[in-house]
Amino acid sequence: MAEREPERDEAPDQTSGAPELNLDVSRVWQRYPSKGGHQVVLNDISLKVPEPQFLTVVGPSGCGKSTLLRLILGSESPWKGTVHAAGQEVVHPDRNRGIVFQRYSLFPHLTVLENVMFGLELDGSWLLQKWLTWPWYKQRHKQHQEQAMEYLKTVKLDQHASKYPHQLSGGMQQRVAIAQAMIMKPTILLMDEPFGALDPGTREDLQLTIIETFEEQKATIFFVTHDLEEAVFVGTRLLVLSSFYSLDDGEEAIGSKLVMDIPTPKTPTTSDKKRGDFRELIQEVRRQGFDPEYRQHVREFDLRH
Ligand SMILES: Nc1ncnc2c1ncn2[C@@H]1O[C@H](COP(=O)(O)OP(=O)(O)OP(=O)(O)O)[C@@H](O)[C@H]1O
Ligand SMILES: [Mg+2]
């Protein structure tokens with residue numbers, strides 16, 4: 001028997017969209033056209049983030065991590081369910097949610113400084129206004145430059161402000177991308193395997209940068225990674241998305257569900273990665289999310305949440 005899928009207008013969640021919630025993903029399903037039918041990718045995902053948290057998301061390749069991130073960004077809509085950010089339903093991307101991809105998010109023809117201030121400059125700078133209010137515009141431009149320099153200092157790149165992206169290493173380019181996203185003061189910063197293309201040393205360095213950024217800016221960070229060690233190290237809350245779960249006898253599992261949602265141990269330094277509780281947690285994540293033989297009954301998960 002296939003699992004029953006709720007209709008779009010069924011059983012509205014009473015707390016859905018409550019303004020005090022930073023992020024509220026409520027009973028979200030996503031599917032895509034496939035081979036003349038549909039492939040269900042996400043199966044009834046609910047997630048509440050009451051205050052700024054650093055959420056990391058792991059799961060087997062193809063389980064729908066990037067899909068979930070796109071739904072929170074608003075670049076696509078769920079098949080069923082809703083996403084609310086700061087009480088507003090997410091229907092398209094807006095400046096409250098910034099994004100950093102694995103690479104290619106910088107403008108090659110702009111300097112580091114111009115890349116970081118780009119979003120601020122774009123805000124309401126239409127040509128006629130620029131021409132009519134030139135002194136005001138110049139003043140504003142100067143303020144943007146100063147702000148961008150502050151953010152470049154945060155990511156330790158103020159010495160490289162006048163360089164172009166191709167003159168920087170991959171790790172430095174990702175630092176610029178983080179500053180570019182953070183300067184818009186998003187309430188939610190989405191990151192899709194942001195350090196995936198970097199060598200281990202640079203990666204570790206950037207993990208510390210993003211932890212510091214989270215502590216300073218107090219935005220919710222939604223961080224997708226393939227690396228379990230990274231997920232446990234940087235985040236404050238770990239989510240595991242997987243299609244390895246079981247339902248009642250005879251019911252077919254379609255799409256991925258959240259199978260783990262836990263706070264992570266505090267890990268202030270990289271040497272904590274060797275700690276026993278840290279290693280045990282990674283083993284547990286591997287078992288619950290990545291082992292096709294281990295199938296937690298979804299009711300067990302629901303009861304704990
Ligand atoms: N626009 C789309 N059209 C059709 N299928 C899609 C689309 N986007 C994603 N999919 C499918 O949805 C599933 C989940 O994709 P998604 O990219 O979200 O996975 P992921 O967990 O991010 O994988 P990875 O770890 O490899 O990045 C895959 O089977 C993918 O082929
Ligand atoms: Mg992905």
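Which residues does Tyr-245 touch, not counting residues up to four places away in sequence?

A: This is a predicted model, in which local features need pLDDT of at least 70 and side-chain atom pairs count only at pLDDT 80 or more, whereas totals for chains, interfaces and linings use all residues. Residues are numbered from 1 along each chain as its sequence is written, chains are lettered from A and ligands numbered from 1 in the order in which they are written, and side-chain values use heavy atoms, with hydrogens and water left out.

Leaving aside residues up to four places away in sequence, Tyr-245 touches Asn-43, Ala-253, Ile-254, Gly-255, Ser-256, Lys-257, Val-259, Arg-295, Gln-296 and Val-298. A contact here means heavy atoms within 4.5 Å. Tyr-245 belongs to strand E10, residues 245-246. Helices (H or I, at least four residues) and strands (E, at least two) are DSSP runs, numbered from the N terminus. Tyr-245 counts as buried because its relative accessibility is 1%; the term buried means under 20% relative accessible area, exposed means over 50%, and partly exposed lies in between, with a 1.4 Å probe and protein chains only. Pro-292 is 47 residues away from Tyr-245 along the chain, and the C-alpha atoms of the two are separated by 8.4 Å.

Among contacts in the protein with a separation of 6 or more, 71% are between residues 24 or more positions apart. The protein has nine helices and twelve strands, and 49% of its 305 residues count as buried. It exposes about 15300 Å², of which carbon and sulfur atoms supply 53%; accessible areas come from the Shrake-Rupley method with a 1.4 Å probe, and for residues only the protein chains shown count as cover.

Arg-237 lies in strand E9, residues 237-242, and counts as buried because its relative accessibility is 13%. Beyond residues up to four places away in sequence, Arg-237 touches Leu-47, Lys-48, Val-49, Gln-53, Phe-54, Leu-55, Thr-56, Asp-261, Ile-262, Pro-263 and Thr-264. Leu-69 lies in helix H1, residues 65-73, and with a relative accessibility of 2% it too counts as buried. Leu-69 and Ile-99 are 30 residues apart along the chain, and their C-alpha atoms are separated by 9.3 Å.

On a 1 Å grid over the protein atoms alone, a pocket is an open set of points with protein on both sides within 12 Å along at least five of seven lines, a cavity is a set of points where a 1.4 Å probe fits but cannot get out, and lining residues have an atom within 4 Å of a point. Grid points are joined across faces, edges and corners, and a volume is the space filled by probe spheres set on the points. Strand E6 (97-100), helix H2 (112-122) and helix H5 each supply at least two residues of the pocket lining. That lining divides into eleven nonpolar, four polar and three charged residues; Ala, Val, Leu, Ile, Met, Phe, Trp, Tyr, Cys and Pro count as nonpolar, Asp, Glu, Lys and Arg as charged, and the others, Gly among them, as polar. The largest pocket lies between domain 1 (15-96 + 186-305) and domain 2 (107-185), because both give residues to its lining. These domain bounds come from an automatic or database domain assignment.

A search of the whole structure finds one cavity of 30 Å³ or more. The largest cavity is lined by Tyr-151, Thr-154, Val-155, Ile-178, Ala-179, Met-182, Thr-213 and Gln-217. Helix H4 (134-154), helix H5 (170-182) and helix H6 (200-217) are the elements that give two or more residues to this lining, and H5 gives the most, with three. The cavity lining has five nonpolar, three polar and no charged residues.

Finally, the backbone calls for a remark. Arg-27, in strand E1 (residues 23-34), has a positive phi of about 50° although it is not a glycine. Glu-193, in the loop between strand E7 (188-192) and H6, also has a positive phi, near 45°, and is a residue other than glycine. Arg-27 is partly exposed, with a relative accessible area of 30%, whereas Glu-193 is buried, at 18%.
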